[in-house]
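This report describes selected features of a model with two protein chains in view. Please consult the sequence and the coordinates alongside the text.

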Amino acid sequence: MVAATIPDYKNERPDQNQLWDKKYLLFLSEITAVFDGFKALDLEHIGVMHNELRVVIGPNGAGKSTMCDVITGKTRPTTGSVWFGGEEITKKSEDEIVRIGIGRKFQTPTVYDSLTVYENMELSLPGSKGIFAMLTARRNKTERDRVMHLLERVRLADDVDTEARYLSHGQRQWLAISSLILSQPRLLLVDEPAAGLTDSETELTGELLLELKKEHTLIVIEHDMDFVRQLNSRVTVLCEGRSMAEGSLEEVKTNPEVIEAYLGR
Amino acid sequence: MTERTMNEPAGIHLGSICGTSASQINKAFAGALLAFAILLPMLAHAGVVSVETVNMAGRYMALGIVALGLDLIWGYTGILSLCQALFFALGGYAMGIHLAHQGTLHNGIPESLYVVYPYKVGESKGMEVLPWFWLIFKPFNLTILLGILIPGLVAGLIGFAGFISRVKGVYFSILTQALTVAAMMFFSKNEMKLCGTNGITNFTTLAGHELSDPNVKIGLYVVTLICLIGTYLICLLLTKSRFGRVLLAVRDSETALRFAGYKPYAFKAAIFIFAGMLAGLAGMLYTPQANIITPSYMEARWSILMVVWVAVGGRGTLFGAVAGAMVINLLYNAMTSQWSIGSFDWKPDYWPLVLGMLFILVVLALPDGLAGLWRKMVGRIAEVD
């Protein structure tokens with residue numbers, strides 16, 4: 001088996017290839033992010049194809065979360081550009097990027113503690129997020145059915161009226177993922193969905209992500225190798241801010257650079 | 001008292017079987033309070049209570065409207081604003097200037113301004129002219145409009161500037177407190193032609209009615225009561241809408257909200273403006289009943305006192321905010337008058353001590369304030385039944 005390295009993206013860069021968006025939904029081009037002289041991110045090119053589930057792995061401090069921050073507009077890259085669905089989004093604000101279609105689940109699940117499970121979901125319904133829309137919003141059956149359908153899938157249907165502060169860690173993870181799905185993003189960034197979950201919870205989360213792959217494009221950041229194996233998808237390895245290898249899990253595992261990065265010299 | 005943060009008391013089901021549920025007790029209590037508030041002017045008319053008592057209740061109700069606004073911005077949205085006193089004073093000054101126009105005039109300018117009129121170089125007595133910001137408050141309708149719009153506008157400026165640049169937490173509180181103190185300095189200067197530290201006083205008529213007439217005092221009470229009920233209902237609608245849930249979401253996790261596609265700063269600014277307008281309205285209702293407005297209403301202690309009302313009453317519950325404002329002010333009224341039991345003489349000087357202890361007590365023992373205490377009590381009663 002040939003060890004995976006980085007594929008040759010050179011001729012597919014959005015600024016050179018007009019048709020890049022036929023193949024890729026997201027393209028990161030020569031991104032660097034420097035904080036106080038420390039280079040947190042130094043990526044050449046990464047392309048994520050339509051309806052792909054891409055897993056990003058890497059040791060601690062490899063820049064995985066920083067990469068998410070750059071994609072979602074939380075951090076501005078020092079140089080380089082982010083392209084999504086046919087346009088450059090490097091300079092757009094966080095809420096604009098969300099409305100264009102990139103949704104994110106944070107490492108620690110962010111839910112609104114004093115709102116009930118249903119109210120949490122409600123705030124993620126697609127559509128206008130303006131003040132007037134919120135003042136005039138009325139509940140309706142189609143919305144309720146969609147919310148309940150998602151909640152049933154993650155076994156939260158019985159807790160719709162429970163305030164989120166009373167949920168277990170796993171339930172909070174699922175609530176965060178469910179609201180993300182409800183908002184119908186074109187790209188889901190899922191940061192460590194299995195962190196702190198029990199084995200059976202992890203399995204359900206894996207099933208959920210694989211189901212999503214049918215209709216969505218996903219980037220999943222993960223530590224848990226068993227979980228990555230379950231997802232059985234293309235893997236990008238980040239290390240010290242660089243993308244080191246890309247390929248199937250088996251392929252990247254045989255890459256000597258990756259082995260060195262994980263095991264140390 | 002149908003607050004959304006209410007945890008269903010354990011006994012609610014038992015209680016409802018026996019015929020008294022917590023919500024029924026709440027409704028009965030609210031109804032009784034409302035009935036009392038409506039009956040009060042009639043009692044005054046019959047001579048059972050003094051007009052001064054009604055006047056006092058009217059003033060405290062106006063302060064209850066300020067508390068409603070502060071509760072929306074602090075209790076619901078989690079932003080501790082210390083400039084509600086500024087908005088209150090802006091509304092108060094609008095009404096004060098309007099009332100001064102109708103009072104005693106000297107050389108064509110109201111007495112309060114005349115006594116501190118600052119003469120510029122070359123100006124001599126007899127050359128007094130009313131500045132433009134006095135003239136705009138001459139028409140009654142325009143005054144009402146400006147008394148609400150100006151605080152709203154100032155709140156909009158502070159809100160958008162602060163929230164877009166993501167000034168948060170204690171920094172926002174300090175910013176608002178500093179602006180309030182700056183405004184107080186501004187209003188205190190005689191050169192600003194806002195009557196200096198004396199403030200505006202000696203009002204005689206409002207829209208042709210003698211302010212000293214007991215019936216007019218009762219009328220002002222009724223107007224304040226209607227405004228309080230009206231604003232309470234508007235706030236209730238706001239907090240029950242999806243907009244209200246966005247406010248709670250801002251409090252819980254602003255970042256999550258931003259990544260759900262919302263602009264938190266717009267929601268924060270909107271509710272800050274609304275709270276500012278409520279404070280302005282309250283100031284306009286308060287001034288003719290207190291018969292004075294001075295820059296001292298912008299002192300730091302007033303801003304803090306407003307926070308204490310809401311904290312004691314119960315943050316995040318509209319009823320608690322109003323109740324807190326009323327209870328603290330009634331206590332203030334009782335404890336700043338001189339009385340004695342036996343050989344013990346109560347002195348008004350003790351009041352700050354009582355207030356301080358009350359605040360500490362609430363922080364330590366009643367984090368949900370009086371509203372939280374009430375919920376627990378009602379839960380018990382429903383259980384016993």
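The model is predicted: local features need pLDDT of at least 70, side-chain atom pairs count only at pLDDT 80 or more, and totals for chains, interfaces and linings use all residues. Residues are numbered from 1 along each chain as its sequence is written, chains are lettered from A and ligands numbered from 1 in the order in which they are written, and side-chain values use heavy atoms, with hydrogens and water left out.

**The sheet of chain A**

In chain A, 6 strands form an open sheet of mixed pairing, in the order 7-8-9-4-10-11. Strands (E, at least two residues) and helices (H or I, at least four) are DSSP runs numbered from the N terminus, and two strands pair if DSSP finds at least two bridges between them. Strand 7 (102-105) and strand 11 (242-247) of chain A each have a single partner strand and stand at the edges, so one side of each is left without a neighbour in the sheet. From one strand to the next, the twist averages 20°. Angles run from 0 to 180 degrees between N-to-C directions, with axes fitted to C-alpha atoms, for helices over the stretch in contact; contact means heavy atoms within 4.5 Å.

| Helix (chain A) | Strands touched (chain A) | Angle between directions |
|---|---|---|
| Helix 7 (residues 169-182) | strand 7 and strand 8 | about 175° with strand 7 |
| Helix 11 (residues 256-263) | strand 4 (53-57), strand 10 (234-239) and strand 11 | about 125° with strand 11 |

Within the sheet, strand 8 (residues 187-191) and strand 9 (residues 217-221) of chain A pair in the parallel sense over 5 bridges; A:L187 has A:T217 of strand 9 as its bridge partner.

**The hairpin of chain A**

Strand 1 (residues 24-35) and strand 2 (residues 38-42) of chain A pair in the antiparallel sense over 4 bridges, and A:A33 is bridged to A:L41. This hairpin has 2 residues between the strands, and A:D36 takes a positive phi near 50°.

**Chain B**

B:Y76 lies in helix 3 (residues 51-76) of chain B. B:Y76 is buried, with a relative accessible area of 2%, where buried means under 20%, exposed over 50% and partly exposed in between (1.4 Å probe, protein chains only). B:Y76 and B:G316 are 240 residues apart in sequence, yet 5.1 Å apart in space, C-alpha to C-alpha. B:L39, in helix 2 of chain B, is partly exposed at 42% relative accessible area.
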